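I opened this one to look up a few strands, a core and a contact surface. My notes follow the order in which I checked things.

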Amino acid sequence: MTDPADLTIPEAGAALRRRELTAVELLDAVLQRAAVTEAHLHAYLTIDRSGALDAAELADATLASGATPLGPLHGIPVALKDNLCTRGVETTCSSQILAGYEPPYDATVVQRLREAGAVVVGKTNLDEFAMGSSTENSAYGVTRNPWDPERVPGGSSGGSAAAVAAGSALGALGTDTGGSVRQPAALCGVVGMKPTYGLASRYGLIAFASSLDQVGPFARTVAGAVTLLEAIAGWDPKDATSIPHDVPDFSGSLDAGVAGLTIGVVEELSSDAIEPEVRAQIGAMLDRLADRGAEIVPVSIPLVDMGLSVYYLIAPAECSANLARFDGVRYGLRVDGETTEEMMANTRGEGFGAEVIRRVLLGTYALSAGYYDAFYGQAQRVRTLMRQAFTAAYDEVDVLVSATSPTTAFRIGEKTADPLTMYYSDVCSIPSNLVGDPAISLPLGLDEAGLPTAIQVMAPALGEERLFQVAAEIERLAGFTARARLATSVVTAPGASV
Amino acid sequence: MPIDIDIAKVAKLARIALDDDELAGYQEQCTLILEHAERVQSVDTEGVPPTAHAFPMVNSFRDDVVEASLDRTEVLAMAPDTEEGYFRVPAILGDDGEAST
């Protein structure tokens with residue numbers, strides 16, 4: 001029998017409803033997997049055994065009593081990125097400045113997952129305050145890639161991506177400010193999705209860049225990501241930027257295919273800067289989509305080349321304002337000083353890591369008198385033009401595609417010396433955040449080194465249904481069933497059941 | 001526009017205590033990043049309004065009813081220092097009665 005930790009969300013949900021598997025057994029399988037893989041991966045910062053067991057027992061008791069399932073995620077073990085507030089469970093953003101912080105409330109998306117019956121396994125590692133593309137910027141150590149522990153899982157939601165790839169969770173939530181769900185999903189061979197800005201509540205997501213941040217799901221299949229998104233999406237009176245819009249049924253179109261659709265290939269994201277093998281696999285997939293009746297057309301959006309520059313003005317500016325709240329007064333670390341100002345400066349100097357300090361300084365400068373209009377103001381105006389360019393593109397095509405990441409998983413330490421090289425990892429994913437549109441990454445295959453390759457599909461705002469329709473067809477065509485080396489070696493190793 | 005960052009002033013504005021070596025390192029890195037980001041100035045944006053949010057929404061109202069707020073004891077339990085139901089910080093006024101900031 002398949003190890004329950006290797007089931008997809010729909011498979012596990014069906015097994016639970018048929019009473020072939022209990023939620024406690026499923027949780028146990030996931031925890032056993034974590035017990036083996038965590039020594040190699042460090043995907044989790046906190047595993048909440050007792051909380052998870054309580055939730056799994058409740059799920060089992062509900063089914064045993066003959067009551068209706070709690071919801072679409074009844075009994076499904078999920079992991080949460082550690083920048084999502086969980087009541088009474090330590091939430092650190094992978095920063096020293098929040099060490100020991102136990103939020104007095106659940107983020108809205110966490111509350112909705114619980115209401116849908118999910119079993120929260122624990123909190124996953126990230127680049128500090130979600131600033132990074134490799135999960136190397138964590139104050140609590142790096143997370144490793146389940147396909148090759150010498151390589152990064154991507155970031156900033158690297159812990160969530162690694163957990164789903166390794167089987168120490170069936171699904172997970174991450175957050176995506178410039179690609180922080182999609183890029184690690186690509187590097188770990190799983191599905192990762194960023195919803196339309198405002199579709200999912202940000203209440204209880206510890207803010208990095210408020211106009212770009214969005215919570216998104218990880219799963220091993222498109223259908224699993226859809227189930228997670230349906231659970232977390234929807235208007236929240238506690239988030240003034242959440243869209244007052246009924247959440248449609250995203251799963252209705254998964255079997256519809258691509259016949260008659262027009263798929264645009266973003267030329268600016270198909271250049272030599274994308275690894276040849278990634279480009280070749282995307283090209284082969286486009287041919288197969290054409291065979292299925294889609295029209296494939298090149299689309300040029302020259303402003304995409306400005307994406308990184310716009311992002312590295314807007315995101316640091318917003319982060320410098322958002323992170324002002326970490327000052328040693330209300331929560332987390334305090335480093336003493338003679339005066340309050342000195343205490344705050346000492347606390348922030350010691351509590352923040354280098355990447356966070358770099359971005360807070362950048363943002364403070366970009367917002368300061370005399371520079372505001374040239375940097376932040378101009379970036380916001382270019383952002384307007386970029387939105388107009390994408391809107392115009394969607395007059396001609398149904399969805400856009402590109403690589404998710406210019407490279408497959410890179411080596412730990414390979415890009416840490418030069419911030420700009422690291423920032424380039426997000427060149428394909430950043431535009432969707434700037435324009436607020438939904439986008440998804442899904443695995444295509446493996447490269448010669450045995451590392452996952454990925455494709456990104458982008459759709460216009462609130463075009464999730466179309467996005468998932470195309471993604472589901474790509475998933476069927478790709479037939480990606482390979483599992484991460486770490487997950488399979490654990491399963492097959494003698495005496496691996498601990 | 002030439003990039004000339006007074007990094008010590010920026011660090012003071014950002015309330016981050018850094019030593020001279022750290023300041024020099026951040027000055028160099030921030031300059032490199034801004035020199036790259038400065039490319040946005042080559043785009044003609046005459047008459048283009050800024051986008052602060054991808055979905056501009058105004059006047060998001062809720063009903064004006066009293067709801068439970070967070071429990072004060074739980075909130076204060078997370079603070080580094082408290083006194084009689086308040087957050088406690090070092091002196092804000094100096095010995096001379098002048099604000100220290």
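**Entry 1: strand 11 of chain A.** I kept in mind that this is a predicted model. I began with strand 11 of chain A, residues 452–458. Is it covered or open? I found it mostly covered, with seven of its seven residues buried. Next I took its two faces in turn. On one side I listed A:Pro452, A:Ala454, A:Gln456 and A:Met458, and these are buried. On the other I listed A:Thr453, A:Ile455 and A:Val457, which are buried as well. Both faces of strand 11 of chain A are therefore covered, taking buried to mean 20 or more other C-beta atoms within 10 Å of a residue's own.

**Entry 2: its partners.** Which strands pair with strand 11 of chain A? I noted strand 9 of chain A, residues 399–403, which pairs with it in the antiparallel sense over four bridges. In that pairing A:Ala403 has A:Ile455 as its bridge partner. I then noted strand 10 of chain A, residues 439–446. Seven bridges join it to strand 11 of chain A, and the two run antiparallel. Here A:Gly445 stands opposite A:Thr453. Strands 10 and 11 of chain A form a hairpin, with five residues between them. I checked the turn and found A:Gly450 there, with a positive phi of about 80 degrees.

**Entry 3: strand 5 of chain A.** I followed strand 10 of chain A to another antiparallel neighbour, strand 5 of chain A, joined to it by three bridges. A:Lys194 has A:Ala439 of strand 10 of chain A as its bridge partner. Strand 5 of chain A covers residues 191–194. It also pairs with strand 6 of chain A, residues 215–219, in the antiparallel sense over two bridges. Which way do the side chains of strand 5 of chain A point? A:Val191 and A:Met193 point one way, A:Gly192 and A:Lys194 the other. All four are buried, the lysine included.

**Entry 4: the core.** I looked up the largest nonpolar core and got 180 residues. Those with the most contacts inside it are A:Val78, A:Val119, A:Leu313, A:Leu361 and A:Val457. The largest share, nine residues, comes from helix 9 of chain A, residues 307–322. A:Val457 I had already met on strand 11 of chain A. I then listed what A:Val78 touches, leaving out residues up to four places away in sequence. Among them are A:Leu113, A:Val119, A:Val121, A:Leu170 and A:Ala172.

**Entry 5: chain B.** I counted three helices and two strands in chain B. From the N terminus they run α-α-α-β-β. The radius of gyration of chain B is 22 Å, well over the 13 Å that the globule rule gives for 101 residues, so chain B is more spread out than a compact globule. Its C-alpha trace spans about 55 × 45 × 25 Å along the principal axes. Buried residues make up 16% of the 101 residues in chain B.

How values were computed: Residues numbered from 1 in each chain as written. Chains lettered and ligands numbered in written order. Predicted model: local features only at pLDDT ≥ 70, side-chain atom pairs only at ≥ 80, totals over all residues. Buried ≥ 20, exposed ≤ 12 C-beta atoms within 10 Å, placed from the backbone. Pairing = 2+ DSSP bridges. Rg over C-alpha atoms; globule rule 2.2 N^0.38 Å. Core = buried A, V, L, I, M, F, W, Y, C linked by C-beta atoms within 7 Å. Contact = placed C-beta atoms within 7 Å.
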